[in-house]
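Hi,

Here's the structure I promised to pass on. Have a look at it first, and then read on for what turned up.

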There are 2 protein chains.
Amino acid sequence: MTPSKQEILSVAAECFMEQGYHATSIDDVARRLGATKGRVYHHYASKIDLFFDVHREGMARLFAAVEPARETEGDGATVLAAMLYAHALAVLENHTFESVVAQGVQMHRFGATTPGQRSTLDELIASRDHFEALFKNQAAIAKKDGSLADVDISIAVKTMLGGVQWSLIWYRPNVDSSARTRANLAKQMVRTLIDGVRTRAALQQDKPERRPSRAK
Amino acid sequence: MTPSKQEILSVAAECFMEQGYHATSIDDVARRLGATKGRVYHHYASKIDLFFDVHREGMARLFAAVEPARETEGDGATVLAAMLYAHALAVLENHTFESVVAQGVQMHRFGATTPGQRSTLDELIASRDHFEALFKNQAAIAKKDGSLADVDISIAVKTMLGGVQWSLIWYRPNVDSSARTRANLAKQMVRTLIDGVRTRAALQQDKPERRPSRAK
């Protein structure tokens, strides 16, 4: 059987996720596919090219999930919540691919790569930055329309995306694989991140909002 | 010079963080220390023992930071916020050690370790679970006293810890190393995670609280 490019990518994503980039070989990927090494080399000249394509596919799936959510009706924070929900669901659904995306970010930071590989990694990181920018822009809109609190947008967005993406560490796709479970996980994550866990009653007590203050 | 155990641990944490467990050798650690391999082996019989001790030290630092915060005065959510702030600061301050802790969690999941190693990893993961339980218990207290919203405690805590821990991916200790910068980062992360980013005005509009409903 000749595996399709998509099959190769899926299996490669599993290998990279489980063993890490360095410990994975094209042989491992071929073995798991039940194909010869040649079948994989037919599509990919090297392991790093394969890794990059898994990364690209992972990013493409995130964009495909989040872009439509930008058209949600509502105030700025509601749209932001919809985007974050779409992102959370995509991260849960594409657990293996998104795990490899996170590895790519780490490789970019520490990787001893060749100049050619470096430029591909730069391109992938640029796509990651562009993704983060979608959320930052929406947060800026929400701040302007008064639906987002006066937070540092950059840190808040990194924290929100991180809160979702850390599910790559704890989510077990084999155990919690139903669409309903994933939808509930995504909903609870977004609720925590957008609305916060403190009750409004407790907020009121602790930090009166908009009370003019001369404190340092 | 004979490196102390603490020096070995710090340098080993850097190596593991930058290269990952598999690509790191005792030689790398010795070289960076400017010491002989023998000096490292004097303290550690193998690379995995060294890795485990870095992991242990990383966990010990998290407990040391968070335990005192449990004595904070205030309602349940205020204590939870203080614990999360202490955690955030500890993660930023111990960036290399905590990066290795995160690696250990991944190794536990996928690692092809020996039974002996496995039991040490189990012990480390139990310590990690115990750490998470501190936050879950506090969240349960906060839910009871009405300062925590009606969220799923397990998912909310994982999301909050994750929002903080994802800083292991984006925080650059060499660039943002001042204590003031770290305090501000920690504050903004906690604010996002505990109070949420949506303004109370927008919350009011979107989701009237405690309005009795018969919806399914």
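Which residues lie nearest the centre of the largest pocket? They are G20(A), Y21(A), Q103(A), G20(B) and Q103(B), out of 43 residues that line the largest pocket. Keep in mind that this is a predicted model.

That pocket holds about 1200 Å³ of space. The top contributor is α1(A), with eight residues. Sorted by class, the lining has 23 nonpolar, 18 polar and two charged residues.

Now for the second largest pocket, with about 480 Å³ of space. It is lined by 26 residues, and V105(A), E132(A), K158(A), I169(B) and W170(B) are the closest to its centre. From chain A, α5 (76-93), α6, α7 (115-144) and α8 (153-165) each give two or more residues to this lining, and α9 of chain B does as well. Here α6(A) gives the most, with six residues. By class, the lining of the second largest pocket splits into 14 nonpolar, four polar and eight charged residues.

C15(A) counts as buried because its relative accessibility is 0%, and buried means under 20%. C15(B) is buried too, at a relative accessible area of 1%.

Happy browsing!

Technical notes
Residues are numbered from 1 along each chain as its sequence is written. Chains are lettered from A and ligands numbered from 1 in the order in which they are written. This is a predicted model: local features need pLDDT of at least 70, side-chain atom pairs count only at pLDDT 80 or more; totals for chains, interfaces and linings use all residues. Side-chain values use heavy atoms; hydrogens and water are left out. Buried means under 20% relative accessible area, exposed over 50%, partly exposed in between (1.4 Å probe, protein chains only). On a 1 Å grid over the protein atoms alone, a cavity is a set of points where a 1.4 Å probe fits but cannot get out, and a pocket is an open set with protein on both sides within 12 Å along at least five of seven lines; lining residues have an atom within 4 Å of a point. Grid points are joined across faces, edges and corners, and a volume is the space filled by probe spheres set on the points. Helices (H or I, at least four residues) and strands (E, at least two) are DSSP runs, numbered from the N terminus. Ala, Val, Leu, Ile, Met, Phe, Trp, Tyr, Cys and Pro count as nonpolar, Asp, Glu, Lys and Arg as charged, and the others, Gly among them, as polar.
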